[in-house]
Amino acid sequence: MDNRSGTNSVLEGLILRAEDVLGKMLLKLQRTRMPLEEKVRMINALHAFVDQWEGPLADIKLPPELQQPMAQPSTKPKSHGDEIMDVMQMLGLNGDDGGGGGGGREAGGRPVKNAGGRSVVAVPVPQEEAEPVFEVLEQSLKEYSPGQPGTCFITYTCPGSRRFFMMDRTNLDEADRTDCLLASLQNVTTRREGLPECPRRIFAVEVKGELFRAVRSRSEPAWLWLLDTGAVLPYEEESMLLFDLPEFYRRRDPFARCCELVDVTDRKFRGGDLGRFLEQNLFSGREFEVVRLRGKVLHVNLGRAVARKRNGTVLKKKKEEPTPEYRISEKTLTQEQLDVLYEEPLGTTNAMKATMGFVPQDDRRICPHYEPSLEGCFKGARCKLLHVAKDPDGWTRDQTLHKVKIRAQLNEPKVGSVVHMIPTTVVSVEEFYAHLEVAENGTKLVELQALLNEPRNVKELRPLNHKPYTREYVFARFAEDGQWYRAEVLDYFHDELIVVFYLDYGNQERLGMADLRTWDDRFDYLPFQAVHCRLANVTRKVEEVGEEDIQGTLALREAIYDKRIAVKVLDIRSYWEVL
């Protein structure tokens, strides 16, 4: 066989495969929401192909039947670098804006700035979608000057370019405060049901199990900009959890700073693509030197790598400062004084016990690492101690504590899965509480109830010595069987009328103070078993508040109460929506 004809056959086959791949790429671009990184990879690959063959094949004219209709560009074709720069400029990070501090671009590439003094930036998306525009506070670069050295932690790289985002770790004290703030951010628990209407509203979003500060785009479909990493993500309503942030977190400037890599001064770097170098050093620490400032972008040289912690803090030995001593504490008292302090004979000689009626426990229950500016400590959610400031003169801050959250949480099923449940309380024609049919949970609940109601443990339960707080966890006696159960206070009217909710069964009762006991952490190892459910596609009519509503509730109770049922989970937000 002729070698030339065999080569032609192979080449023709590859060209047909290329046509098929290009068609799929075009279809995906038009019909799906592609991540920004994937678009940039396509730009890189297609530019390499077009740049190599467009020139050599320029003299070949296609017949009319093979020509593809396409719009003629109004200017000369853009180079690969220009295309990448366009992507960065659309993100509002163009450094060559004349230092005017302008923000992003409109659809036509024109930089804009709103009247409120906030930058307005745009993110590229498929053509059939509206271009998302963000409004965020501008970052000041006044603390930087050419030639200034420092250390940084690379948080995000823009594929195919030399642009990246970093967190400045030069000042160790400032870096520690940043770490404490980001750690305390994980303690936020106030859930949002949807994106805020205002694009300037800073909120938190959970990404891969971590909470990040973010803002939403002004346009639809919504995109999110993570303020402390620089990443831009499409909003996925079904998989992303949103949280409201206190004012303390919303008034903080973004920690991620946009940079452009000029050169690498590390001796270990042997040359090559700087964009690839950035990708290889993502989430790593590096020394840097400021070359110049262009608008909102730092142009820097990156130096040698530095050791770091997981959260990016540069590991340099820091002189330990002594913990401030309070005027009166366990550390300032002698052993003899401590023995007297904690000794409680029948005729007590303990001055604290005699005058106050109890022995203060500030040193045992108040966290010594509490930072008032963070409203917490560096341990974040792992710290179980009380976060309040000690009185500098030694006065006790002992007060009545009440429980509002337990350590054990119920494992939620995936949306769309089918689970088996046993309803324990029917509230209305569309609402009920149920137990998940998990043999292990049922056995543990029986064991917990038996342990809680042992005479020895019942005797140790302490009566409430304060007016119960709303949402406070307590133990409540159930009138029908006289047993104690885990409960939550819903409302307090007076000492003889308190509405409680039984957390393991879903029913409510009106009790008095005599039927309540203070919470004991020994019984928080098991998640609350009552799962709040609502029937999908079932709603009560506004006028249906009388006999018809009661009859419907009774009929539903007759059909499902204390019976094994299979349900399909449609939503697991504030309650489980099932079918």
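The structure is a predicted model, in which local features need pLDDT of at least 70 and side-chain atom pairs count only at pLDDT 80 or more, whereas totals for chains, interfaces and linings use all residues. Residues are numbered from 1 along each chain as its sequence is written, and side-chain values use heavy atoms, with hydrogens and water left out.

The secondary structure comprises 12 helices and 23 strands, where helices (H or I, at least four residues) and strands (E, at least two) are DSSP runs numbered from the N terminus. Of the 579 residues of the protein, 40% count as buried; buried here means under 20% relative accessible area, exposed means over 50%, and partly exposed lies in between, with a 1.4 Å probe and protein chains only. The accessible surface amounts to about 34900 Å², and 52% of this surface belongs to carbon and sulfur atoms, the areas being computed by the Shrake-Rupley method with a 1.4 Å probe and, for residues, with only the protein chains shown counting as cover. Among contacts (heavy atoms within 4.5 Å) with a separation of 6 or more, 63% are accounted for by residues 24 or more positions apart.

Helix H2 has 18 residues, which at 1.5 Å a residue should span 26 Å, and its end C-alpha atoms are 26 Å apart, in agreement with that value; the expected span is taken as 1.5 Å times one less than the number of residues. The buried residues of H2 are Leu36, Glu38, Lys39, Val40, Met42, Ile43 and His47. On the surface, Phe49, Val50, Trp53, Leu57 and Ile60 form a nonpolar patch with about 500 Å² of accessible area together. Such patches are made of residues with over 30% relative accessible area and no salt bridge, like charges being joined within 9 Å and nonpolar side chains (Val, Leu, Ile, Met, Phe, Trp, Tyr) within 5 Å. Ile60 of this patch lies in the loop between helix H2 (36-53) and helix H3 (80-90), and is exposed at a relative accessible area of 56%.

A nonpolar core is defined as a set of buried Ala, Val, Leu, Ile, Met, Phe, Trp, Tyr and Cys residues joined through side-chain atoms within 4.5 Å. The largest such core has 20 residues, of which Phe134, Leu181, Leu185, Val188, Val215, Leu245 and Tyr249 touch the most other members. Two or more residues are given to this core by each of helix H4 (172-185), strand E7 (210-216), strand E8 (223-226) and helix H5 (247-250), and the largest share, three residues, comes from H4. When neighbours within four places in sequence are left aside, Leu181 is in contact with Phe248, Tyr249, Arg252, Phe255 and Leu374. A second, separate core of 18 residues includes Phe165, Ala214, Leu226 and Ala231.

Side chains of opposite charge can pair when their charged atoms come close. With a salt bridge taken as a side-chain nitrogen of Lys or Arg within 4 Å of a carboxyl oxygen of Asp or Glu, the count comes to 20 salt bridges. In one of these, Glu260 pairs with Arg163, the closest N and O atoms being 2.7 Å apart. Because Glu260 lies in strand E11 (residues 257-264) and Arg163 in strand E4 (residues 163-168), the pair ties together parts that are 97 residues apart in sequence. Both Glu260 and Arg163 are buried. A salt bridge also links Arg177 to Glu174, with closest N and O atoms 2.8 Å apart; being three residues apart in helix H4, these two are separated by about one helical turn. Arg177 counts as partly exposed at 45% relative accessibility, as does Glu174 at 40%.

Glu488, in strand E17 (residues 484-494), is buried with a relative accessible area of 11%. Not counting residues up to four places away in sequence, Glu488 touches Arg471, Glu472, Tyr473, Val499, Val500, Phe501 and Leu503.

Most residues other than glycine have a negative phi. Lys208, however, has a positive phi near 55°; this residue is placed in the loop between strand E6 (203-207) and E7 and is exposed, at 84% relative accessible area. Asp562 likewise has a positive phi, of about 60°, and lies in the loop between helix H12 (547-560) and strand E22 (565-572), where Asp562 is exposed with a relative accessible area of 56%.
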